[in-house]
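I'm opening my notebook on this one and looking things up piece by piece.

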Amino acid sequence: MALRELSSLEKYLGLKKPNKYSTQGDKKVPVLQNNNGPPLVGLGTIASHLVKEAKRPNLLGDSAESRAVVQQWLEYRLTKLDGCTKEDTKAILKDLNLYLQDKVYMAGNQFTLADTFMYFGIHPIIVDLSVQEKEQYVNVARWFDHIQRCPGVRHHLPPLVVLRNRIYTSKHH
């Protein structure tokens, strides 16, 4: 999955020459052989490198605080979200729902790399939720729907219906 995400990120960033990736270990950690030095290892490390290569530093955050928040969410994705159990998903969704209560994006009011990779990471969880379950996590559903509609983000993933259109009778107006 990580290799597809990196490929999608390259397309989103408009990088012309696709990189060659391999994986290492049981967890299939992505590796990018860098011509200018040692190989880059790990999804977050490689993604940050690609963003810098594309000269899009705003995707890593526009202040020291937002850069730290982006790195925090990349780490969260790799340590908590990837490989989580079915039992973990409810706690993760509950925490994310609370966190996103007053935010448009993972790092506040600006789209960043954290949004892209949290979207990729949470997609398989959202796929398995019923409409009723998605409605329990309305902030996550709102954020997810917003990110999947951002041009160029979704590449290799199918769009998902996350929120029902509510029909109100005249007595509710």
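**Sheet.** I started with the strands, and three of them make an open sheet in the order β1-β2-β3, with antiparallel pairing. Strands here are DSSP runs of E with at least two residues, helices are runs of H or I with at least four, and both are numbered from the N terminus. Two strands pair if DSSP finds at least two bridges between them. Why do β1 (21-24) and β3 (40-41) count as edges? Each has a single partner strand, so one side of each is left without a neighbour in the sheet.

Before going further I noted the ground rules: this is a predicted model, where local features need pLDDT of at least 70 and side-chain atom pairs count only at pLDDT 80 or more, while totals for chains, interfaces and linings use all residues. Residues are numbered from 1 along each chain as its sequence is written, and side-chain values use heavy atoms, with hydrogens and water left out.

**The β1-β2 pair.** I looked up how β1 is joined to β2 (residues 29-32): four bridges do it, and the two strands run antiparallel. Ser22 has Val31 of β2 as its bridge partner, and Tyr21 stands opposite Leu32 in β2. I also wrote down a rule for any sheet: in a regular strand the side chains alternate between the two faces.

β1 and β2 form a hairpin with four residues between them, and Gly25 in the turn has a positive phi of about 80°. Lys28 is in the loop between β1 and β2 as well. Its phi is near 55°, which is positive even though Lys28 is a residue other than glycine. I flagged that since most residues other than glycine have a negative phi. Lys28 is exposed, with a relative accessible area of 54%. For the record, buried is under 20% relative accessible area, exposed is over 50%, and partly exposed is in between (1.4 Å probe, protein chains only).

I found another case in Lys55, which is not a glycine but has a positive phi of about 55°. Lys55 is in the loop between α2 and α3, and at 71% relative accessibility it counts as exposed.

**Helices over the sheet.** Helix α1 (residues 2-13) lies across β1 and β2, running at about 150° to β1. α2 lies across β1, β2 and β3, at about 35° to β2. Those angles run from 0 to 180 degrees between N-to-C directions, with axes as lines fitted to C-alpha atoms, for helices over the stretch in contact.

I checked Lys16 in the loop between α1 and β1; at 79% relative accessibility it counts as exposed. Its C-alpha atom is separated by 9.6 Å from that of Ala54, 38 residues apart along the chain.

Leaving out residues up to four places away in sequence, Ser48 touches Leu60, Gln71, Leu74 and Leu113. A contact means heavy atoms within 4.5 Å.

**Core.** Next I looked for the largest nonpolar core, and it has 52 residues. Such a core is a set of buried Ala, Val, Leu, Ile, Met, Phe, Trp, Tyr and Cys residues joined through side-chain atoms within 4.5 Å. The residues with the most contacts inside it are Leu113, Phe117, Ile122, Ile126 and Trp143. α1, α2, α3 (64-81), α4 (86-99), α5 and α7 (138-148) each supply at least two of its residues, and the largest share, nine residues, comes from α5. In soluble globular proteins, nonpolar side chains tend to be buried together.

I picked Ile122 to follow up: not counting residues up to four places away in sequence, it touches Leu81, Leu93, Leu96, Val140, Trp143 and Phe144.

His123 is in helix α5 (residues 113-127) and counts as buried at 4% relative accessibility. Beyond four places away in sequence, His123 touches Phe144, Leu157, Pro158 and Leu160.

**Rings.** Rings of Phe, Tyr and Trp (its six-membered ring) pair if their centres lie within 6.5 Å; planes under 30 degrees apart count as stacked, over 60 as edge-to-face and the rest as tilted. Ring pairs link Phe117, Tyr119, Phe120 and Phe144 into a cluster.
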